[in-house]
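Student: Please walk me through this structure, feature by feature. Give me the general idea, then the case at hand.

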Amino acid sequence: QVQLVGSGGGLVQAGGSLRLSCAASGNIFRITGMGWYRQAPGKQRELVAAITSGGGTDYANSVKGRFTISRDNAKNTVYLQMNSLKPEDTAVYYCNARITTTQNLVSTYWGQGTQVTVSS
């Protein structure tokens, strides 16, 4: 089995920073793309940032220049550094990863979600 466990959410004032982490564990052979999504109340889940196995990154326009995605391949972990947070960044943040298992099965796995609340 494969599991993604996210952490690092919380309550912060506008202008503050938070760092999210998400570690993958289990029968992992290879991880290709990893990313962070978020879902605010009453809204659809949206892509925040993504990173390839080679380190290529992509960001939603709303977070460019404020958020940075990174990964540690040795630890099977993806991070999201969030700076200059705004109230509109309030959402549940989900990590995901495209994983090939040791049984050669390829699937996209999701973390359990971590709440980020930014107060004005």
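Student: In which strand does Ile 28 lie?

Tutor: Ile 28 lies in strand E4. Helices (H or I, at least four residues) and strands (E, at least two) are DSSP runs, numbered from the N terminus. This is a predicted model, in which local features need pLDDT of at least 70, side-chain atom pairs count only at pLDDT 80 or more, and totals for chains, interfaces and linings use all residues. Residues are numbered from 1 along each chain as its sequence is written, and side-chain values use heavy atoms, with hydrogens and water left out.

Student: Is Ile 28 buried or exposed?

Tutor: Buried means under 20% relative accessible area, exposed over 50%, and partly exposed in between (1.4 Å probe, protein chains only). Ile 28 has a relative accessible area of 17%, so it is buried.

Student: Which residues does Ile 28 touch?

Tutor: A contact means heavy atoms within 4.5 Å. Leaving out residues up to four places away in sequence, Ile 28 touches Val 2, Asn 76, Ile 99, Thr 100 and Thr 102. There is also a C-alpha separation to note: Ile 28 and Gln 103 are 75 residues apart along the chain, with 8.8 Å between their C-alpha atoms.

Student: Thr 100 is on that list. Where is Thr 100 placed?

Tutor: Thr 100 is in strand E9. Its relative accessibility is 5%, so Thr 100 counts as buried. Beyond neighbours within four places in sequence, Thr 100 is in contact with Asn 27, Ile 28, Phe 29, Arg 30, Leu 105 and Val 106.

Student: Asn 76 is also on the list for Ile 28. What is the phi of Asn 76?

Tutor: Start with the general rule. Most residues other than glycine have a negative phi, and most peptide bonds are trans. Asn 76 is not a glycine, yet its phi is positive, about 50 degrees. Asn 76 sits in the loop between E7 and E8. With 24% relative accessibility, Asn 76 counts as partly exposed.

Student: What about Asn 104 and its phi?

Tutor: Asn 104 has a positive phi too, near 65 degrees. Asn 104 belongs to the loop between E9 and strand E10 (106-110). At 60% relative accessibility, Asn 104 counts as exposed.

Student: Now the core. Which residues touch the most other members?

Tutor: In soluble globular proteins, nonpolar side chains tend to be buried together. A nonpolar core is a set of buried Ala, Val, Leu, Ile, Met, Phe, Trp, Tyr and Cys residues joined through side-chain atoms within 4.5 Å. The largest one here has 31 residues, and Trp 36, Leu 80, Met 82 and Tyr 93 touch the most other members. At least two core residues come from each of several strands, including E1 (2-7), E3 (18-26), E8 (77-82) and E9 (91-101). E9 gives the most, with five residues.

Student: Which residues does Leu 80 touch?

Tutor: Not counting residues up to four places away in sequence, Leu 80 touches Leu 18, Arg 19, Leu 20, Trp 36, Val 48, Ala 49, Phe 67, Thr 68, Ile 69 and Tyr 93.

Student: How many bridges join E3 to E8?

Tutor: Two strands pair if DSSP finds at least two bridges between them. E3 and E8 run antiparallel, joined by six bridges. Leu 18 has Met 82 in E8 as its bridge partner. E1 and E3 also pair in the antiparallel sense, over six bridges. There, Val 2 has Gly 26 in E3 as its bridge partner.

Student: How many disulfides are there?

Tutor: A disulfide is a covalent bond between the sulfur atoms of two cysteines. The rule used is a pair of cysteine sulfur atoms within 2.5 Å, and the count comes to one. Cys 22 is joined to Cys 95, S to S 2.0 Å. These cysteines are 73 residues apart, Cys 22 in strand E3 and Cys 95 in strand E9. The torsion about their S-S bond is about 50 degrees, so the disulfide is right-handed. Both Cys 22 and Cys 95 are buried.

Student: Which ring does Arg 19 lie over?

Tutor: A charge sits over a ring if NZ of Lys or CZ of Arg is within 6 Å of the ring centre and within 35 degrees of the ring normal. Arg 19 lies over the face of Tyr 79, at 4.1 Å from the ring centre. Arg 19 is in strand E3 and, with a relative accessible area of 47%, is partly exposed. Arg 45 lies over the face of Trp 110, at 4.8 Å from the ring centre.
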